[in-house]
Amino acid sequence: MNTIDGTIHAVANVLATSVLIDERLRDIEIIEFSHSMTTINQHVRPDVILPPEDIAEWFKGHADSISNKISTDKNDAWKTQILNQIQDQDLRRMVLTAMFSISVCDYELKDEECEFLKLAVSLWKINLPHVTDMERMVG
């Protein structure tokens with residue numbers, strides 16, 4: 001994902017954190033990450049669409065580093081930093097919807113996932129996604 005701007009990288013960091021925060025790497029979460037990245041990419045940069053292979057490669061290349069940062073981020077400073085990199089309110093809503101989708105796609109909402117969602121809601125001053133937000137991300 002070298003060909004695009006920092007906004008997509010910021011989104012990818014947040015969504016990859018949503019996948020990795022519970023220390024369980026599930027295929028369904030990676031699929032949801034890729035789907036969400038594609039959807040958000042089409043919204044943010046419709047002129048530069050990333051192939052699924054590039055999204056998967058980015059995740060593989062950054063997963064260990066993100067996992068390390070998660071494990072050493074005891075006061076949420078790093079999570080706060082990556083969340084604050086996303087400034088646009090519409091994009092924040094899309095990212096929060098994607099975070100929620102990633103967190104529940106395995107039919108379990110772990111404490112770590114819930115805390116990350118709460119941090120985003122608190123920092124961004126928005127509510128958890130409504131069903132219509134979820135439909136927009138899928139459709």
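Tutor: Start with the order of elements. Read along the sequence, the pattern is α-α-α-α-α-α-α. Helices here are DSSP runs of H or I with at least four residues, strands are runs of E with at least two, and both are numbered from the N terminus. The model is predicted, so local features need pLDDT of at least 70 and side-chain atom pairs count only at pLDDT 80 or more, while totals for chains, interfaces and linings use all residues. Residues are numbered from 1 along each chain as its sequence is written, and side-chain values use heavy atoms, with hydrogens and water left out.

Student: How many helices and strands are there in the protein?

Tutor: There are 7 helices and 0 strands.

Student: What share of the residues counts as buried?

Tutor: First the cut-offs. Buried means under 20% relative accessible area, exposed means over 50%, and partly exposed is in between (1.4 Å probe, protein chains only). Of the 139 residues of this protein, 46% count as buried.

Student: What about contacts along the chain?

Tutor: Contact means heavy atoms within 4.5 Å. Take the contacts with a separation of 6 or more: residues 24 or more positions apart account for 78% of them.

Student: Which residues touch the most other members of the largest nonpolar core?

Tutor: The general idea comes first. In soluble globular proteins, nonpolar side chains tend to be buried together. A nonpolar core is a set of buried Ala, Val, Leu, Ile, Met, Phe, Trp, Tyr and Cys residues joined through side-chain atoms within 4.5 Å. The largest one here has 37 residues, and L15, F33, V95, M99 and W124 touch the most other members. At least two residues each come from α1, α2 (27–44), α3 (52–72), α4 (77–84), α5 and α6 (111–124). The helix that gives the most is α1, with 9 residues.

Student: What does W124 touch?

Tutor: Leave out residues up to four places away in sequence. Then W124 touches L83, I86, Q89, R92, V95, L96 and M99.

Student: How do I read a helix pair?

Tutor: Look at angle and distance. Axes are lines fitted to C-alpha atoms, for helices over the stretch in contact, and angles run from 0 to 180 degrees between N-to-C directions. Under 35 degrees counts as roughly parallel, over 145 as roughly antiparallel, 65 to 115 as roughly perpendicular, and the rest as oblique. Take helix α1 (residues 6–20) and helix α5 (residues 89–104): they pack at about 25 degrees, with axes 9 Å apart. They are therefore roughly parallel to each other. From α1 the contact uses T7, V11, V14, L15, S18 and V19; from α5 it uses L91, V95, A98, M99 and I102.

Student: How do the residues of that contact divide by class?

Tutor: Ala, Val, Leu, Ile, Met, Phe, Trp, Tyr, Cys and Pro count as nonpolar, Asp, Glu, Lys and Arg as charged, and the others, Gly among them, as polar. The contact of α1 with α5 has 9 nonpolar, 2 polar and no charged residues.

Student: Are α5 and α6 roughly parallel or roughly antiparallel?

Tutor: Their angle is about 170 degrees, and their axes are 10 Å apart. They are therefore roughly antiparallel. Q89, R92, V95, L96, M99, F100 and S103 of α5 meet E113, F116, L117, A120, V121 and W124 of α6. That contact has 9 nonpolar, 2 polar and 2 charged residues.

Student: At what angle do α4 and α6 pack?

Tutor: About 55 degrees, with axes 10 Å apart. These two are therefore oblique. In α4, K79, T80, I82, L83 and N84 meet F116, L119, A120, L123 and W124 in α6. The classes are 7 nonpolar, 2 polar and 1 charged.

Student: Now the loops. Is D22 buried or exposed?

Tutor: D22 lies in the loop between α1 and α2. It is buried, with a relative accessible area of 8%. Beyond its neighbours within four places in sequence, D22 is in contact with E29, K110, E112 and E113. D22 and E113 are 91 residues apart along the chain, yet their C-alpha atoms are separated by 6.4 Å.

Student: Where is E23?

Tutor: E23 is also in the loop between α1 and α2. At 72% relative accessibility, E23 counts as exposed. Its phi is positive, about 65 degrees, although E23 is not a glycine.

Student: What is phi near in Y107?

Tutor: Near 65 degrees, a positive value in a residue other than glycine. Y107 sits in the loop between α5 and α6. Y107 is exposed, at 78% relative accessible area.
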